[in-house]
Amino acid sequence: KTVRSLNGCRVADHILSLVPDAERFRETLRLVKLWAKRRGIYSNVLGFFGGITWAILVARVCQLYPYYTTSALAKRFFRVYERWNWKNPVNLCPIREMSNVAGLMAFKVWNPKQYPQDRLHLMPVVTPAFPSMNSTHNVSETTRRIILEEFGRACKLVEQVEQAQAEWVDLYRSLPFFSMHRHYLHIEVLAKSPHVFTKWIGWVESKLRHLVRHLERIPTLQVRPWPNYIEFEDADWPHAAAAFVGLTVAKRTGPQTHVGNTVDLRQPVTQFVEIINSWQEKRDLDGQCEMRVKDVARRDLPDYAPEDGPKPRKRKARTPAEREQEAAAAAADAITAEAEAEATERTPIVPRPEKAPSSASAAGAVPPGSA
């Protein structure tokens, strides 16, 4: 347990020691993390890539191209992983086995040849420090598809930037999540006090990937979870936040076309609700927290859902010098934005003052349609 508790800082130190230029690595990582956050694929708990995974991916590109500039590394990053064969793990160094070292024999090291469950990992990215672990074990078929689609989009835009057919700002454009689906699963997490809310939303967030796994089993349904929670005001609950999952129903083909493009969400949502209600502290906090799940059409999204901006206008051609200047400016903006985001993350969140408790009784998690 002692080794695992120190694994985070040990992995960070190993990564910095394994890259040829630490400063270029940091700058490229800031660019990549900004892109991942704006495209909605930055969340380890939801099944996307987390911070340590993005760091390892960037470090590997820095190892492969040690003399590239920051902008060149960013371009190469998307090309490398758009073409990567994910049957092979991303490693920064050989995996070390300590099975013969006294005191370290009990630590499991990621090894698909020895452990069958390790063979099921879809996009393995292995940490460099002992004991080496796969940092992407939460990735599902759905999140894998989304990540690969985003790599493909970024790779295509990078090529267009080089041909003066696009700009760097197009690459870092935020995902228009709330206008790209016709239907959404709307999940509201509610609590009476900040202490309960912190524990409750943490539990729901940790289990949301199970909902995605249940939904992806429906053949005609494509799912896209959104990793950012949105806080909102509720008359009965002082602390409230919402999560959204985008739903796209494929058109039916063949003899059953007349049936219509409908899917039954009751079973996967009910299974998710059962998982949420299995929380050990739920009984002790009865009436202090609640979760609501419902299916909403795009036109019925709540007012607090962000409105996506207008479509990007066409850009005029740029000279090579202007493109290089634009890349440098984009890198500087990304570094500034990432620094501000890191400063915000380090700032403690002060909960809103509690409102007077409502006389309405709180219910447990409910299936869609009943809230």
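**Figure 1. Ser174 in its loop.** Ser174 sits in the loop that runs between helix H7 (168-171) and strand E1 (183-191); helices (H or I, at least four residues) and strands (E, at least two) are DSSP runs, numbered from the N terminus. This is a predicted model, in which local features need pLDDT of at least 70 and side-chain atom pairs count only at pLDDT 80 or more, while totals for chains, interfaces and linings use all residues. Residues are numbered from 1 along each chain as its sequence is written, and side-chain values use heavy atoms, with hydrogens and water left out. With a relative accessibility of 44%, Ser174 counts as partly exposed; buried means under 20% relative accessible area, exposed over 50%, and partly exposed in between (1.4 Å probe, protein chains only). Leaving aside neighbours within four places in sequence, Ser174 is in contact with Arg38 and Arg39, where contact means heavy atoms within 4.5 Å. Ala36 is 138 residues away from Ser174 along the chain, yet their C-alpha atoms are separated by 9.4 Å.

Figure 2. Phe130 and Pro131 are joined by a cis peptide bond, with omega about -5°. Pro131 belongs to the loop between helix H5 (70-82) and helix H6 (141-162). Ala164, in the loop between H6 and H7, has a positive phi of about 60° although it is not a glycine. Ala164 is buried, its relative accessible area being 16%.

Figure 3. The structure holds 25 aromatic pairs; rings of Phe, Tyr and Trp (its six-membered ring) pair if their centres lie within 6.5 Å, and planes under 30 degrees apart count as stacked, over 60 as edge-to-face and the rest as tilted. Trp35 and Trp54 have ring centres 5.9 Å apart and planes at 85°, so this pair is edge-to-face. Because Trp35 lies in helix H3 (residues 22-38) and Trp54 in helix H4 (residues 51-64), the pair ties together parts that are 19 residues apart in sequence. Both Trp35 and Trp54 are buried. Tyr65 and Tyr68 form a tilted pair, with ring centres 4.9 Å apart and planes at 35°. Arg76 lies over the face of Tyr65, at 5.1 Å from the ring centre; a charge sits over a ring if NZ of Lys or CZ of Arg is within 6 Å of the ring centre and within 35 degrees of the ring normal.

**Figure 4. The salt bridge between Glu150 and Arg39.** Side chains of opposite charge can pair when their charged atoms come close. Glu150 and Arg39 form a salt bridge, their closest N and O atoms being 2.9 Å apart; the term stands for a side-chain nitrogen of Lys or Arg within 4 Å of a carboxyl oxygen of Asp or Glu. This pair links distant parts of the chain, with Glu150 in helix H6 and Arg39 in the loop between H3 and H4, 111 residues apart. Glu150 is buried at 4% relative accessible area, and Arg39 counts as buried at 6%.

Figure 5. Arg292 and Glu188 meet in a salt bridge (3.3 Å, N to O). Arg292 lies in strand E5 (residues 289-297) and Glu188 in strand E1, so the pair ties together parts 104 residues apart in sequence. Arg292 is buried, as is Glu188. Salt bridges link Glu188, Asp234, Glu290 and Arg292 in a network.
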